[in-house]
Amino acid sequence: MKSTIKLLALVIIVISAISCKNDRKPNYQFFPNMYESHGYEPYSEHKVFKGGQEAMLPVEGTISRGWMPYEFENNTEGYNLAKDTLKNPLAYNEENLEKGKELYTIYCGICHGAKGKGKGDLVKREKILGVPSYDSREITEGSIYHVMYYGINSMGSYAAQTSEHERWQIVQYVEKLKADLEGRTPRLDSNAPVVAVEEAVHDEAHATEGHAEENHKEEAHH
């Protein structure tokens, strides 16, 4: 008798659940906030957030995807250290040179001029003054990159507008302009392949893994 009652109750529950289904109307939602979350406007004020504002700073130490930390500090010591020790990891070839010229025209030529003499359109129109010619300063690949990363004096940083790979391509072209102004032959590596910064790091890691795997196989064989 008890089994019959339990079975009957189960049947009633199942039938009730099925009868509630209506393809023309949405069913009941449990915890609807999981499906219909409230959208907050940027910089709007809400008590649910720390500080009462929707937009918050990233957690300390956060690194954006695809971005690599720059080890040199934004001060005189950091500039001099970069000037003396920082080297361009890219090959000095025609392809990088042409890309560097294209990027230079977009970001740098407006002030520094097409030939690097400091006579860009903004200087000619006296919108900005005091831009030196490349042949009047002692600059290196490291100092050029450092200035592009942080900016200097009235020149702002271009770290947000350009990638690490693009900045090094601009460095090569700036060095080429300086060499032309000084009557020197620009540096150009013979038979040098185009190697991106990220690709170089990946290849080095891959080679390290392959070497470790070979050593492991040799140890297992012995």
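**Figure 1. Order of elements along the protein chain.** From the N terminus on, the elements of the protein chain run α-α-α-α-α-α-α-α, which amounts to eight helices and zero strands in what is a predicted model. Of the 222 residues of the protein chain, 26% count as buried, and the accessible surface comes to about 17200 Å², with 55% of that area belonging to carbon and sulfur atoms. Among contacts with a separation of 6 or more, 55% are made by residues 24 or more positions apart.

**Figure 2. Confidence along the predicted chain.** The mean pLDDT of the protein chain is 82, and 79% of its residues reach 70 or more. Confidence is highest in H6, at a mean of 97, and lowest in helix H8 (residues 197–221), where the mean is 45. Over residues 198–222 the pLDDT is below 50, and this stretch has three contacts in the model beyond near neighbours in sequence. Where pLDDT is low, the predicted coordinates should not be read in detail.

**Figure 3. Helix H6 and its surroundings.** H6 is mostly covered, nine of its 10 residues being buried; the buried residues are Glu 141, Gly 142, Ser 143, Ile 144, Tyr 145, His 146, Val 147, Met 148 and Tyr 149. These buried residues of H6 pack against helix H2 (76–85) and against H7. After H6 comes Gly 151, whose phi is positive, near 85°.

**Figure 4. The largest pocket and its lining.** About 550 Å³ of space lies in the largest pocket, and 27 residues line this pocket, with His 112, Arg 137, Val 147, Ile 152 and Met 155 lying nearest its centre. The elements that contribute two or more residues to the lining are helix H4 (109–112), helix H6 (141–150) and helix H7 (164–182); of the lining, the largest share, four residues, comes from H6. By residue class, the lining divides into 19 nonpolar, seven polar and one charged.

**Figure 5. Two loop residues with positive phi.** Most residues other than glycine have a negative phi. Glu 126, although not a glycine, has a positive phi of about 60°, and its place is in the loop between helix H5 (121–124) and H6. Glu 126 counts as exposed because its relative accessibility, 62%, is over the 50% cut-off. Asn 153, likewise a residue other than glycine, has a positive phi near 55° and lies in the loop between H6 and H7. At 78% relative accessibility, Asn 153 is over that cut-off of 50% and so counts as exposed.

**Figure 6. Lys 99 and Glu 166, apart in sequence.** How far apart in space are Lys 99 and Glu 166, C-alpha to C-alpha? The two residues are 67 residues apart in sequence, and their C-alpha atoms are 8.0 Å apart in space. Lys 99 lies in helix H3 (residues 94–107). With a relative accessibility of 29%, Lys 99 counts as partly exposed, because this value falls between the 20% and 50% limits.

Terms used: Residues are numbered from 1 along each chain as its sequence is written. This is a predicted model: local features need pLDDT of at least 70, side-chain atom pairs count only at pLDDT 80 or more; totals for chains, interfaces and linings use all residues. Side-chain values use heavy atoms; hydrogens and water are left out. On a 1 Å grid over the protein atoms alone, a cavity is a set of points where a 1.4 Å probe fits but cannot get out, and a pocket is an open set with protein on both sides within 12 Å along at least five of seven lines; lining residues have an atom within 4 Å of a point. Grid points are joined across faces, edges and corners, and a volume is the space filled by probe spheres set on the points. Ala, Val, Leu, Ile, Met, Phe, Trp, Tyr, Cys and Pro count as nonpolar, Asp, Glu, Lys and Arg as charged, and the others, Gly among them, as polar. Buried means under 20% relative accessible area, exposed over 50%, partly exposed in between (1.4 Å probe, protein chains only). pLDDT is the predictor's confidence in each residue, from 0 to 100. Contact means heavy atoms within 4.5 Å. Accessible areas come from the Shrake-Rupley method with a 1.4 Å probe; for residues, only the protein chains shown count as cover.
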